[in-house]
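Have the structure open as you read, and start with a pair of helices.

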Amino acid sequence: MQAIVCIKQVPDTTEVKIDPERGTLIREGVPSIVNPFDTYAIEEALRWKEKLGGKVTVISMGPPQAMSALKEAVAMGADEAILLSDPAFAGADTWATAYTLAAAIRKIGSFDLIFCGRQAIDGDTGQVGPGVATQLQINQLTYVCKIAKLDLEQKKIEVERLVEEGKEVVQSTLPCLITVVKDINQPRYPTILGIRRAQKIQIPTWTSKDLEVDPKLIGLNGSPTRVVKIETPPARQGKCQIMQAESVEQQAELLAEKLIAEKIIV
Amino acid sequence: MALLEIKRDACTGCGLCLQVCPFGALALDAENIITVNEACTGCGACVPECPTGALSLPEVEKKESSDLGAYQGVWVWVEQYNGKASPISWEMIGEGRRLAARRGTILTACVLGHEAEPIAREAIAYGADRVFLVDDPTLKVYRTDPYARCLVELVKKYKPEIFLLGASTRGRDLAGAVATYLYTGLTADCTGLEIEEGSNLLLQIRPAFGGNIMATIKCENYRPQMATVRHHVFEMPVPDPGRQGQIIKEKPVLLEEQIATRVLDLIVEKNEVNIADAKIIVSGGRGLKGPEGFTIIHELADVLGGAVGASRAAVDAGWISYAHQVGQTGRTVRPDLYIACGISGAIQHQAGMRTSKIIVAINKDPEAPIFQIADYGIVGDLFTVVPALTRALKKKLNK
């Protein structure tokens, strides 16, 4: 199985602070991590490689420091990694990001499956996976919580997708792109051997010159959307009213009355 | 239609391109000239292989700003499952109405499905002026390819200025594909939409960084301006069955044999409630101490007619399935009432529920961060508080 995993290095959003005066994100000192959903994508690719043989290649578009995210993937067991980094890629929205990733995947060549996380925890868009699939004109299966069958000979895949109503069982053909949810597996920790390999591995960096891309379609230039304003959301109004009473029963009665008075219970 | 363009007089019939086509879409005809069939996906693998440059793909259209005026009207995709429209679609129809009025234009609904004409009529009752109805067995159950191709063709034909889709799993899946095909801007999971004074552009407001910031996004030079919209953000309009509107029937783009994906089944968990759509959610966390703890959560949810949610801690411990997880790595919910029981309220959990209308916290730790965002709280042992609340509500609601 030739698998390609697209990952993103993200700031750990639990550590993101806001500059109260300027209302901007303070990103200095915030640890960078592999997007948590992408670790499930890496794990799933590795598990299927262990079953079926083949190779797992991990790619990431980002600044030079995103190299450390790729090394983490190698430490987990990925065979190869490629960094897409070029000032010309900067400012890419989901369209331009998908366009660039797709160009890199074309350059890598043949593949059976592309694995992506459901979304990145910084942007939370979930649009890049479908974007890459559409750019490559392959099928997409999003929100996958289980790969039930994978048949490389027959070029068939059967998955369960986590949709609002339950789990949808879907069959499709290879090559295809899947985006995975957290439920799919439990990502492994890097092994000592993996960490050693990650220290030694030379990860190539591809720039726009290495890819067949139209300079008008990458980075900020190629991005249809523009962020025009960033602000911190207003704090929640709700000053918490704590139910005070002599007994739990009375506290509960008091709360029940308040909730009924809010006219939200029918 | 295959995207590939073939210059017949340049083709020498060498057959190099045949070997590289991943889809078996190419063949030599009787005159030993290459032909392309419907299996062609426009991947372009063959183009550089051709020594005589006989193969090409159309250039991606770069829109001139003068074209933008040709795009008019507000569109909403009406999501349906099993012949029933999802409520988020009507919320968007309500919001779309308001935006259409601001732009002095009409509101169009796109209904894709099978035997979906009742949904088209419903869309008019909720506020659509016009409905594009694509009614075909291939569209009965949502699948990316046939749905995306249909919407892409409709957009190309009728050129809307604004196109809204729900930020559901299907809506996000679909919007990502459609916007990529069209090369236009798409903003995910908006919680606010406005028309900018002067420019008349759509201002798309959305949370990012786990809800730590709100970003306003514009799409100036591309059309339509596309956005997916979070559920329960906009008011549900009141339908008017007497409302008049136009239903225009359109044809699907793909035949069944051109669609690679089959939906085989839907596995529904016993007592599964869709937390994304629920008006009331009772959630349990680490404080429940075990899977049995969810019994009292279920009892309270039943009295309220609500759904059961959970924190990541409870899901990771295996007490309840992931489908119930609320928060950054689970689902984002926006119910009228969210009752957090034994949930401390870590920022990742808050990212998934902080925009709920009323938040109630039940926790034994008065310092738990959940109380900072809650409207009402009880500090106490949830194993006595939750059953007491269930009893009190049962009594007061005469259940």
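Which residues in α4(B) meet which residues in α5(B)?

## A helix pair in chain B

Keep in mind that this is a predicted model. On the α4(B) side the residues are B:Thr144, B:Tyr147, B:Ala148, B:Leu151, B:Val152 and B:Val155, and they meet B:Asp173, B:Leu174, B:Ala177, B:Val178, B:Tyr181 and B:Leu182 in α5(B). Sorted by class, this contact comes out as 10 nonpolar, 1 polar and 1 charged.

Now for the geometry. α4 covers residues 144-158 of chain B and α5 covers residues 169-182, and the two pack at an angle of about 45 degrees with their axes 9 Å apart. That angle makes α4(B) oblique to α5(B). The crossing of α4(B) past α5(B) is right-handed.

## A sheet that takes in both chains

## α3 and α4 of chain A

α3(A) has a helix partner too: its axis and that of α4(A) come within 8 Å and cross at roughly 50 degrees. These two helices are therefore oblique to each other, and α3(A) passes α4(A) in a right-handed crossing.

From α3(A), the contact draws on A:Thr94, A:Trp95, A:Thr97, A:Ala98, A:Tyr99, A:Leu101, A:Ala102 and A:Ile105; α4(A) brings A:Val128, A:Gly131, A:Val132, A:Gln135 and A:Leu136. The tally is 9 nonpolar, 4 polar and no charged residues.

## A strand from A in a sheet with B

There's another open sheet, this one of 6 strands with parallel pairing, in the order β15(A)-β22(B)-β21(B)-β20(B)-β18(B)-β19(B). β15 (241-242) of chain A and β19 (307-310) of chain B stand at its edges with a single partner strand each, so one side of each is left without a neighbour in the sheet. Where does chain A join on? Look at β15(A) and β22 (residues 376-379) of chain B, which run parallel and are joined by 2 bridges. A:Ile242 stands opposite B:Gly377 there.

α6 (residues 248-261) of chain A touches β20 (337-341), β21 (358-363) and β22 of chain B, and its direction makes about 170 degrees with that of β22(B). α10 (residues 382-396) of chain B also touches β20, β21 and β22 of chain B, with its direction at about 135 degrees to that of β21(B).

## α6 and α10 of chain B

α10(B) packs with chain B's own α6 (residues 294-304) at an angle of about 20 degrees, their axes 9 Å apart. That makes α6(B) roughly parallel to α10(B). Among the residues in this contact are B:Ile297, B:Leu300 and B:Leu304 of α6(B), and B:Phe383, B:Val386 and B:Leu393 of α10(B). The class count is 10 nonpolar, 1 polar and 2 charged residues.

## The interface, and how chain A is divided

Over the interface as a whole, 70 residues of chain A are in contact with 83 residues of chain B. α6(A) gives the most to chain A's side, with 10 residues. That side has 30 nonpolar, 23 polar and 17 charged residues.

Chain A is divided into domain 1 (2-217) and domain 2 (236-266). Taken over C-alpha atoms, the centres of these domains are separated by 45 Å.

Key: Residues are numbered from 1 along each chain as its sequence is written. Chains are lettered from A and ligands numbered from 1 in the order in which they are written. This is a predicted model: local features need pLDDT of at least 70, side-chain atom pairs count only at pLDDT 80 or more; totals for chains, interfaces and linings use all residues. Two strands pair if DSSP finds at least two bridges between them. Helices (H or I, at least four residues) and strands (E, at least two) are DSSP runs, numbered from the N terminus. Two residues are in contact if their C-beta atoms, placed from the backbone, lie within 7 Å. Axes are lines fitted to C-alpha atoms, for helices over the stretch in contact, and angles run from 0 to 180 degrees between N-to-C directions. Ala, Val, Leu, Ile, Met, Phe, Trp, Tyr, Cys and Pro count as nonpolar, Asp, Glu, Lys and Arg as charged, and the others, Gly among them, as polar. Angles under 35 degrees count as roughly parallel, over 145 as roughly antiparallel, 65 to 115 as roughly perpendicular and the rest as oblique. Domain bounds come from an automatic or database domain assignment. A crossing is left-handed if the near helix is turned anticlockwise from the far one by less than a right angle, and right-handed if clockwise.
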